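Reader: I would like to learn how to read a structure. Could we go through one feature by feature?

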Amino acid sequence: PLRPAPPRTPGEQRVLVELCRPVLLGQTFTPPAAVRAMADELFVGEPAVRQHLGHLYDKFGIQAQPGESRRVLLANQAIQTGAVTMRDLRSPSTPQD
């Protein structure tokens, strides 16, 4: 990791894992998961996912410029800091939070 990942709640970590799942398991340049897909996978509503993402953007210092996706920037930061690893993808999601 280039720098340590910020502390995260269990709910935020689950959202990060789902966000990064397509990136780590897909082909080159695969985009991160959409909000709807994360909500469905985690058995929560889209507002809950958006709330966690908002907190994660703040914690990771994500400031998107026009034309940039904050989800892409967040997924990159999560992987670069070791907040999400391939090992995390083997753990099934559980409906909590």
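Reader: Is Asn76 buried, exposed or partly exposed?

Author: The general idea is to look at the relative accessible area: under 20% is buried, over 50% is exposed, and values in between are partly exposed. This is a predicted model, and in it Asn76 has 35% relative accessibility, so it counts as partly exposed. Asn76 belongs to helix 4.

Reader: How far apart in space are Asn76 and Val23?

Author: Sequence distance and spatial distance are to be read separately. Asn76 and Val23 are 53 residues apart in sequence, and their C-alpha atoms are 8.9 Å apart in space.

Reader: Which other residue of helix 4 can we look at?

Author: Arg71 also lies in helix 4. Its relative accessibility is 24%, so Arg71 counts as partly exposed.

Reader: What does Arg71 touch, leaving out residues up to four places away in sequence?

Author: A contact list is read by asking where the partners sit along the chain. For Arg71 the partners are Leu19, Pro32, Ala33, Ala34, Val35, Met38 and Tyr57. The C-alpha atom of Arg71 is separated by 14 Å from that of Arg14, and these two are 57 residues apart along the chain.

Reader: Which residues of helix 4 are buried?

Author: They are Leu74, Ala75, Gln77 and Ala78. The next step is to look down the helix axis: these buried residues fall within an arc of 165 degrees, so they line one face of helix 4.

Reader: What do the buried residues of helix 4 pack against?

Author: They pack against helix 1 and helix 3.

Reader: Where are the buried residues of helix 2?

Author: The buried positions in helix 2 are Val35, Met38, Ala39 and Leu42. They cover an arc of only 100 degrees around the axis, which puts them on the same side of helix 2. Their cover includes helix 1, helix 3 and helix 4. Two of these buried residues, Val35 and Met38, are also among the contacts of Arg71.

Reader: What follows helix 2?

Author: Phe43 follows helix 2, and Phe43 is found in the loop between helix 2 and helix 3. To read its backbone, start from the general rule. Most residues other than glycine have a negative phi. Phe43 has a positive phi, near 60 degrees, and is a residue other than glycine.

Reader: Is Phe43 buried or exposed?

Author: Phe43 has a relative accessible area of 61%, which is over 50%, so it is exposed.

Reader: Where is Thr28, and is it buried or exposed?

Author: Thr28 sits in the loop between helix 1 and helix 2. With a relative accessible area of 63%, Thr28 is exposed. From Thr28 to Gln63 the sequence separation is 35 residues, and the C-alpha atoms are 24 Å apart.

Reader: Where is Pro6, and is it buried or exposed?

Author: Pro6 is in the segment before helix 1, which covers 10-25. Its relative accessible area is 13%, under the 20% cut-off, so Pro6 is buried. Pro6 touches Lys59 and Phe60, if residues up to four places away in sequence are not counted. Between Pro6 and Asp58 there are 10.0 Å in space, C-alpha to C-alpha, and 52 residues in sequence.

Reader: How many helices and strands does the protein have?

Author: It has five helices and zero strands. From the N terminus on, the elements run α-α-α-α-α.

Reader: What share of the residues is buried?

Author: Buried residues make up 35% of the 97 residues. Taking contacts with a separation of 6 or more, 66% are between residues 24 or more positions apart.

Reader: What does the surface consist of, and how many charged side chains are there?

Author: The protein exposes about 5,800 Å², of which carbon and sulfur atoms supply 55%. There are 11 positive and 9 negative side chains, and the centres of the two sets lie 4 Å apart.

Note on methods:
Residues numbered from 1 in each chain as written. Predicted model: local features only at pLDDT ≥ 70, side-chain atom pairs only at ≥ 80, totals over all residues. Heavy atoms only, no water. Helix = DSSP H or I, 4+ residues; strand = E, 2+ residues; numbered from the N terminus. Buried < 20%, exposed > 50% of the residue type's maximum accessible area, 1.4 Å probe, protein only. Contact = heavy atoms within 4.5 Å. Areas by Shrake-Rupley, 256 points an atom, 1.4 Å probe, with all protein chains shown as cover. Lys, Arg positive; Asp, Glu negative; His and termini not counted. Charge placed at Lys NZ, Arg CZ, Asp CG, Glu CD. Arc of directions from axis to C-beta.
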